[in-house]
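Q: I am new to protein models and would like a close look at one helix and the spaces inside the fold. What should I look for?

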Amino acid sequence: MAAPLALVLVVAVTVRAALFRSSLAEFISERVEVVSPLSSWKRVVEGLSLLDLGVSPYSGAVFHETPLIIYLFHFLIDYAELVFMITDVLTAVALYFAIQDFNKVVFKKQKLLLELDQYAPDVAELIRTPMEMRYIPLKVALFYLLNPYTVLSCVAKSTCAINNTLIAFFILTTIKGSAFLSAIFLALATYQSLYPLTLFVPGLLYLLQRQYIPVKVKSKAFWIFSWEYAMMYVGSLVVIICLSFFLLSSWDFIPAVYGFMEHPIFFMFIQMAIISIFKSYPTVGDVALYMAFFPVWNHLYRFLRNIFVLTCIIIVCSLLFPVLWHLWIYAGSANSNFFYAITLTFNVGQILLISDYFYAFLRREYYLTHGLYLTAKDGTEAMLVLK
């Protein structure tokens with residue numbers, strides 16, 4: 001699988017490099033769908049200029065990036081394009097190895113449940129095979145690197161890409177079972193944006209499963225491990241924030257920057273989608289991260305009810321974003337309600353899509369234990385209704 005992954009990486013980097021050298025780069029960097037006041041490269045450049053002049057970037061209400069980011073680009077400003085391409089590559093590679101390990105865990109668990117006769121006898125067609133799961137990690141990397149949303153975010157040099165990298169490494173280290181590194185990367189992601197804090201619970205649940213510790217309130221091991229993980233997470237976050245203070249000798253950055261029990265990885269996927277939908281100033285880069293996980297759940301496709309309609313809604317909305325923005329801002333033939341309506345439609349489409357995946361997941365889990373072909377008491381075919 002190394003050769004196909006390398007080919008995908010080369011194609012992805014080539015596409016980004018070509019766009020960076022094209023006249024579209026400046027246009028993309030101005031798009032409100034791609035960057036926000038919280039992730040705009042222009043704001044980073046402004047912050048660097050103020051820092052060079054000896055003025056705190058946080059003295060006004062313009063700059064919202066974290067101190068570590070501004071000091072990172074203070075040394076790498078001339079290589080910014082390369083930095084953003086590398087972050088995308090690192091994200092894809094981290095997701096590739098994370099899903100590769102996750103598939104091994106899923107297959108072992110499935111094999112154990114089959115040996116224990118925990119599945120209904122007529123669900124053979126729902127059982128996942130190694131051949132079916134073999135190319136999923138490559139598809140995840142492909143979905144992330146060649147997703148137009150990811151490409152646009154990279155070309156616009158949106159700092160959302162850096163946050164995606166931190167979350168990807170949090171997922172990788174969690175699946176690998178490293179509580180210490182998992183806590184560090186989650187702390188870094190939370191430092192960048194408060195929203196990843198909600199990933200603490202699914203990360204903890206997965207690590208508990210890796211340690212074979214039961215999730216029970218009365219279990220001493222459960223509380224000890226939860227406390228250790230929480231302390232590592234909080235400790236890492238405190239160290240990062242204190243480091244930021246020593247870089248700036250000020251706490252001004254704080255107000256400016258931060259204005260499923262048995263299936264924690266699916267829980268994490270749903271949580272990332274919820275974050276991207278409901279966070280302040282979302283961009284397409286936020287959407288790209290959770291969309292990269294769609295191949296992981298390809299076994300749910302048969303249970304999705306509205307996938308074609310919802311896919312069309314998301315594609316059409318993506319195409320209408322620049323059109324309605326142009327009509328509102330430049331042509332003057334439309335008002336802000338037009339753009340608001342299309343962003344609302346886009347988010348509704350995402351909510352319905354994630355709801356569909358949630359329904360499909362629960363439906364498959366029910367069939368696995370109760371059988372694929374359900375019958376009512378009178379012998380007729382039964383209909384499954386989830387309430």
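**A helix and the spaces inside the fold**

A: Let's start with D88, which is found in helix α5, residues 80-115. Helices here are DSSP runs of H or I with at least four residues, numbered from the N terminus. Before going on, please keep in mind that this is a predicted model, in which local features need pLDDT of at least 70 and side-chain atom pairs count only at pLDDT 80 or more, while totals for chains, interfaces and linings use all residues. Residues are numbered from 1 along each chain as its sequence is written, and side-chain values use heavy atoms, with hydrogens and water left out.

Is D88 buried or exposed? D88 counts as buried because its relative accessible area is 1% (buried means under 20%, exposed over 50%, partly exposed in between, with a 1.4 Å probe and protein chains only).

A pocket is an open set of points on a 1 Å grid over the protein atoms alone, with protein on both sides within 12 Å along at least five of seven lines, and lining residues have an atom within 4 Å of a point. The largest pocket holds about 1,100 Å³ of space, a volume being the space filled by probe spheres set on grid points, which are joined across faces, edges and corners. It has 35 lining residues, and V105, V106, K109, Q209 and E262 are the closest to its centre. Two or more lining residues come from each of α5, α9, α11 (200-210), α14 and α17 (336-370). Sorted by class, the pocket lining has 19 nonpolar, 6 polar and 10 charged residues (Ala, Val, Leu, Ile, Met, Phe, Trp, Tyr, Cys and Pro count as nonpolar, Asp, Glu, Lys and Arg as charged, and the others, Gly among them, as polar).

Now turn to the largest cavity, with about 130 Å³ of space. In a cavity, a 1.4 Å probe fits but cannot get out. Thirteen residues, written 13 in the count, line this cavity, and N164, I167, I275, D286 and L289 lie nearest its centre. Helices α9 (160-176), α14 (264-278) and α15 (284-291) each give two or more residues to the cavity lining. By class, that lining has 7 nonpolar, 4 polar and 2 charged residues.
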